[in-house]
Amino acid sequence: MKLSISIAENLIAMQNGEKIPFSKVKHPVVEGMIDNGILKKQILGRSKALVYLTDKNKLVAYLKNHLGIDSLE
């Protein structure tokens, strides 16, 4: 599966500590990362959700093992 540039840019922002609205990163790869515990989803209110990164090392390992990506930069 391919990773779009916009998703990669949002993952870089999450590596820098940002929380991204789930609507911006709605993609099967991101949903897989949430299911595997790489990313966390924080529900705010009835309709807003934010996605954030818990551990940078887990993200790097996931990208390398599942997508063959060594670095996002």
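Hi everyone. Helices here are DSSP runs of H or I with at least four residues, strands are DSSP runs of E with at least two, and both are numbered from the N terminus. With that in hand, read along the sequence, the protein chain goes α-β-α-β-β-α, which gives 3 helices and 3 strands.

A word on where this comes from. This is a predicted model, where local features need pLDDT of at least 70 and side-chain atom pairs count only at pLDDT 80 or more, while totals for chains, interfaces and linings use all residues. Residues are numbered from 1 along each chain as its sequence is written, and side-chain values use heavy atoms, with hydrogens and water left out.

Let's begin with the whole chain. The C-alpha trace spans about 35 × 20 × 20 Å along its principal axes. The radius of gyration, taken over C-alpha atoms, can be held against a globule rule of 2.2 Å times the number of residues to the power 0.38. For 73 residues, a compact globule would come out near 11 Å, and the protein chain has 11 Å, so the two agree.

I'll call a residue buried under 20% relative accessible area, exposed over 50%, and partly exposed in between, using a 1.4 Å probe and protein chains only. By that rule, 37% of the 73 residues count as buried. Contact means heavy atoms within 4.5 Å. Among contacts with a separation of 6 or more, 52% are between residues 24 or more positions apart.

Now the sheet. Two strands pair if DSSP finds at least two bridges between them. Here, 3 strands form an open sheet in the order β1-β3-β2, with antiparallel pairing. The edge strands are β1, residues 20-21, and β2, each pairing on one side only. One to find on your screens: Lys40 has Tyr52 in β3 as its bridge partner.

While we're at β2, which spans residues 39-44, look at Ile43 within that strand. Is Ile43 buried or exposed? Ile43 counts as exposed, because its relative accessibility is 57%. Leaving out residues up to four places away in sequence, Ile43 touches Lys48 and Ala49. Ile43 and Phe22 are 21 residues apart in sequence, and their C-alpha atoms are 9.5 Å apart.

On to helix α1. An α-helix has 3.6 residues a turn, so residues three or four places apart point the same way. The buried residues in α1 are Ile7, Ala8, Asn10, Leu11, Ala13, Met14 and Gln15. What covers them includes β1, α2 (28-35), β2, β3 and α3 (56-67).

Gln15 sits in α1, which runs over residues 5-15. Gln15 counts as buried because its relative accessibility is 16%. Which residues does Gln15 contact, leaving aside neighbours within four places in sequence? They are Leu53, Lys56, Leu59, Val60 and Leu72.

With a relative accessible area of 22%, Ile12 is partly exposed. Setting aside residues up to four places away in sequence, Ile12 touches Leu72 and Glu73. After α1 comes Gly17, with a positive phi near 100°.
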